[in-house]
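Hello,

Here is the structure for you to take over. My notes on salt bridges and on one helix residue follow below it.

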Amino acid sequence: MPRLSLEGGHILIGTVKASGAKNAALPLLAATILMDGECLLSNVPDLHDINTMIKMLNALNVRAEYGPNNQIKITNTKKVRHIAPYDLVTAMRASFFVAGPLLAKTGFAKVPLPGGCSIGSRPIDLHLKGFKALGAKVSIEHGFVELQCKQLIGTRFYMDFPSVGATENIMMAATLAQGQTIIENVAQEPEITDLGHFLIAAGASITGLGTSTITINGTKTLTGTHHRVIPDRIEAGTLLIAGAITKGDVTVFDAIPEHNEPLLQKLKECGLGLEIFPDRVRVFYQGQPTAVDIETLPFPGFPTDMQAQMMSLMTLAKGTSIITESIFENRFMHADELMRMGAKIKLNNRSALVTGVPMLSGAEVKITDLRAGAALILAGLAAEGITTVHGLKHLRRGYDNLPEKLQSLGAKILG
Ligand code: EPZ
């Protein structure tokens with residue numbers, strides 16, 4: 001299994017660019033199924049998951065290909081296939097984003113059940129409830145979801161939970177429904193707003209983006225357009241914590257501060273220095289951070305995708321931090337590996353009690369999921385001695401050249 005060794009104790013100083021957001025680019029790519037003609041997405045991150053989605057689009061007969069400088073050109077054809085290949089959907093849950101666009105565009109979709117992953121069972125009941133509300137016949141047979149509806153009809157739909165994926169899937173489907181759809185209690189993550197802007201640029205009528213209620217007036221067709229993917233707030237946050245945990249001074253540019261408000265507030269509460277500009281954020285060390293409590297919540301609450309990275313920082317803070325993971329049922333797997341590096345953590349269901357220690361010690365650790373991997377690398381940057389991280393494939397799914405970016409800031413990566 002690919003691995004990475006790094007020597008801790010090197011202060012990270014400098015400036016680094018955030019890549020485009022993985023969790024924006026994936027639904028944006030799926031949305032191109034809805035559009036006639038050609039789309040051009042720019043600032044697309046170079047990730048394994050993006051590759052998987054490109055393979056998915058090509059398997060559906062939507063021609064997608066990498067262009068120069070992080071661009072992807074997508075050309076829709078008249079003969080979109082309805083069946084999403086099993087191996088691609090199980091390789092990446094986000095492939096399920098093709099369900100709503102396929103249903104709306106072709107009247108039929110056959111997509112494998114995505115299944116769970118290491119952080120939770122990851123159900124799709126809210127997606128299916130939304131498709132049903134739009135008039136689709138939904139059946140689950142032999143591990144596949146089958147969706148059928150000649151013409152979706154606008155409706156009013158209340159989301160039991162502000163699910164990011166379900167909000168995106170239902171919003172995409174509703175753009176080609178007949179009449180008006182009002183979705184209440186939607187997720188408000190910036191990636192959803194970015195998707196909404198792309199759909200509007202293609203001719204969709206959507207209001208309420210960034211609020212808890214989105215209204216979509218269906219239209220007959222959408223036309224391909226250009227769109228720049230927003231910066232990745234989770235990558236930016238990870239790089240900022242890399243600066244903080246190594247007692248350094250790091251500026252991340254092409255980052256949107258408003259997208260990271262909850263994290264920046266917590267870093268400030270810890271006593272870290274912050275400088276905020278319209279397109280960049282600087283974090284600098286001002287002494288041992290003070291422990292703060294974190295609860296992960298839907299946006300604009302503290303993002304679950306930053307929980308693991310924040311835990312790494314808290315293992316070296318002054319005092320005790322209570323970290324509550326309210327979004328996923330099993331997202332503390334990085335805690336065991338951090339304890340192998342000398343961290344003091346007590347787990348109790350969805351809460352972790354993290355008591356700061358003076359120093360972590362480098363160790364061999366194993367990555368279980370994308371953000372846990374980032375957290376272990378952050379811990380390794382601060383630890384005394386060498387840390388070897390096994391399971392890099394998880395990291396490459398969602399971070400665009402993270403080791404190289406850290407190295408450019410002064411990290412000692414041993415290969
Ligand atoms: C998206 O996943 C992100 N992935 C996740 O990022 C992120 O952690 C998550 O949103 C929460 O912010 C992408 O955008 C590709 P959810 P998603 O539906 O859409 C429950 C990363 O590391 N739920 O908001 O799957 C679910 O079980 C990844 O980049 C239902 O019960 O998240 C979970 O407890 C990890 N029924 C909660 O909602 C449903 O139908 C949040 O899930 C759907 C979800």
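In these notes, buried means under 20% relative accessible area, exposed means over 50%, and partly exposed lies in between (1.4 Å probe, protein chains only). This is a predicted model, in which local features need pLDDT of at least 70, side-chain atom pairs count only at pLDDT 80 or more, and totals for chains, interfaces and linings use all residues. Residues are numbered from 1 along each chain as its sequence is written, and side-chain values use heavy atoms, with hydrogens and water left out.

Salt bridges

Side chains of opposite charge can pair when their charged atoms come close. A salt bridge here is a side-chain nitrogen of Lys or Arg within 4 Å of a carboxyl oxygen of Asp or Glu. The structure holds 16 of them.

One joins Lys405 to Glu235, with 2.5 Å between the closest N and O atoms. Lys405 sits in helix H14 (residues 402–408) and Glu235 in helix H8 (residues 233–245), so this pair ties together parts 170 residues apart in sequence. Helices (H or I, at least four residues) and strands (E, at least two) are DSSP runs, numbered from the N terminus. Both Lys405 and Glu235 are buried.

Another pairs Arg331 with Asp305, at 2.7 Å from N to O. Arg331 lies in the loop between strand E20 (320–324) and helix H11 (333–339), and Asp305 in the loop between strand E19 (294–295) and helix H10 (307–314), so the pair ties together parts 26 residues apart in sequence. Arg331 counts as buried because its relative accessibility is 7%. Asp305 is buried too, with a relative accessible area of 16%.

Glu337 and Arg340 also form a salt bridge, at 3.3 Å from N to O. Which of these two is buried, and which partly exposed? Glu337 is buried, at 9% relative accessible area. Arg340 has 47% relative accessibility, so it counts as partly exposed.

There is a network as well: salt bridges that share partners join Lys17, Arg228 and Asp254.

Leu88

Leu88 belongs to helix H3 (residues 86–91). Its relative accessible area is 10%, so Leu88 is buried. What does Leu88 touch, not counting residues up to four places away in sequence? The contacts (heavy atoms within 4.5 Å) are Thr52, Lys55, Met56, Ala59 and Ser95. Thr52 is 36 residues from Leu88 in sequence, yet their C-alpha atoms are 6.6 Å apart in space.

Over to you.

Best regards
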